[in-house]
Amino acid sequence: MKKILWHHICRANECLHIATIELKRMHSPAMHQHDFYECFLVLEGNGQQHTPCGSEDLQPHVLYFVRPEHSHAIDGHNNLVFLNIAIERNTFEATFDLANFKHNHWLTGTPIQIESLNQQQVIEFQQLASSVANQRGRSDAAWLLLSISRLLNSRHTYSDERPDMPDWMAKGLSKAIDSEVLTKGLPLLNQIMGRSREHVARSFQNHLGMTPTEWLIKERIQRACLLLSTTRLPLIEIALDCGFESSSYFHKCFRQYMHTTPRRYRSNLMRIQN
């Protein structure tokens, strides 16, 4: 079985390697192991991961944790794209206990673990990787590992963040995020909340400090950030998918919330080395 060694991908003084892998452009190695730790987040497309225990479909927005002793191979179908992070073994092991992962991620004696990320976590994970994409030092690798742990350990709900929020509102917001509210707008949002339009408006202002319209735009922008960072969809398709009726209104809102244009936002994330 092939073993990929750290010096095959990095210089001796480097401790971190980040790459966006597109299997439509290259083939993954056959079944192999490493002498380093890695994780990879599937961004788009389809594929399979093969291990000595069998094969499984790779799922978009799922993070996979691979230890040095794990054997695996990846096959890409339909333009599989994933973000891969590799950390030099000594640096990883010196930082792992401090990172305090709450689940079995990278735990000795476990098979390859997985973690499904929500929309916001996918965006934040990409931003973390992008912020150190061109840095390969020991401190950069340790910072990224700690940041990943913090991201995965902080699964907040609206009730966690605002304990004074009425239960009907917290449940309604959670349901609204996973519905067609982004494209259908305020009428569906009010319907899901199950209260009068006036009551909903007052509650949003009291507990979120914004109007329902402002909340809706914020969620649409977050959805746009996810699509910009994990797909190659044209900007106009992203705008329509997120409920913006025109490209110009999409650009105006995106710039207002993100302080940059959609094109520049995508370009900055694409700076992750290949």
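Student: How far apart do Phe92 and Phe96 sit in helix H2?

Tutor: Phe92 and Phe96 are 4 residues apart in helix H2 (residues 89–99), so about one helical turn separates them. Helices (H or I, at least four residues) and strands (E, at least two) are DSSP runs numbered from the N terminus. Bear in mind that this is a predicted model, in which local features need pLDDT of at least 70 and side-chain atom pairs count only at pLDDT 80 or more, while totals for chains, interfaces and linings use all residues. Residues are numbered from 1 along each chain as its sequence is written, and side-chain values use heavy atoms, with hydrogens and water left out.

Student: OK, and how many aromatic pairs are there overall?

Tutor: The search of the whole structure gives 14. Phe92 and Phe96 form a stacked pair, at 5.3 Å centre to centre with 20° between the planes. Rings of Phe, Tyr and Trp (its six-membered ring) pair if their centres lie within 6.5 Å, with planes under 30 degrees apart counted as stacked, over 60 as edge-to-face and the rest as tilted.

Student: Are those two buried or exposed?

Tutor: Phe92 and Phe96 are both buried, where buried means under 20% relative accessible area, exposed over 50% and partly exposed in between (1.4 Å probe, protein chains only). For contrast in geometry, Phe254 and Tyr265 have ring centres 5.6 Å apart and planes at 75°, so that pair is edge-to-face. Because Phe254 lies in helix H12 (residues 247–258) and Tyr265 in helix H13 (residues 262–269), the pair ties together parts that are 11 residues apart in sequence.

Student: Which residues make up the ring cluster?

Tutor: Ring pairs link Tyr37, Phe65, Phe92, Phe96, Phe101 and Trp106. Of these, Phe65 belongs to strand E6 (residues 62–66), where Leu63 and Phe65 are buried on one side and Val62, Tyr64 and Val66 are buried on the other.
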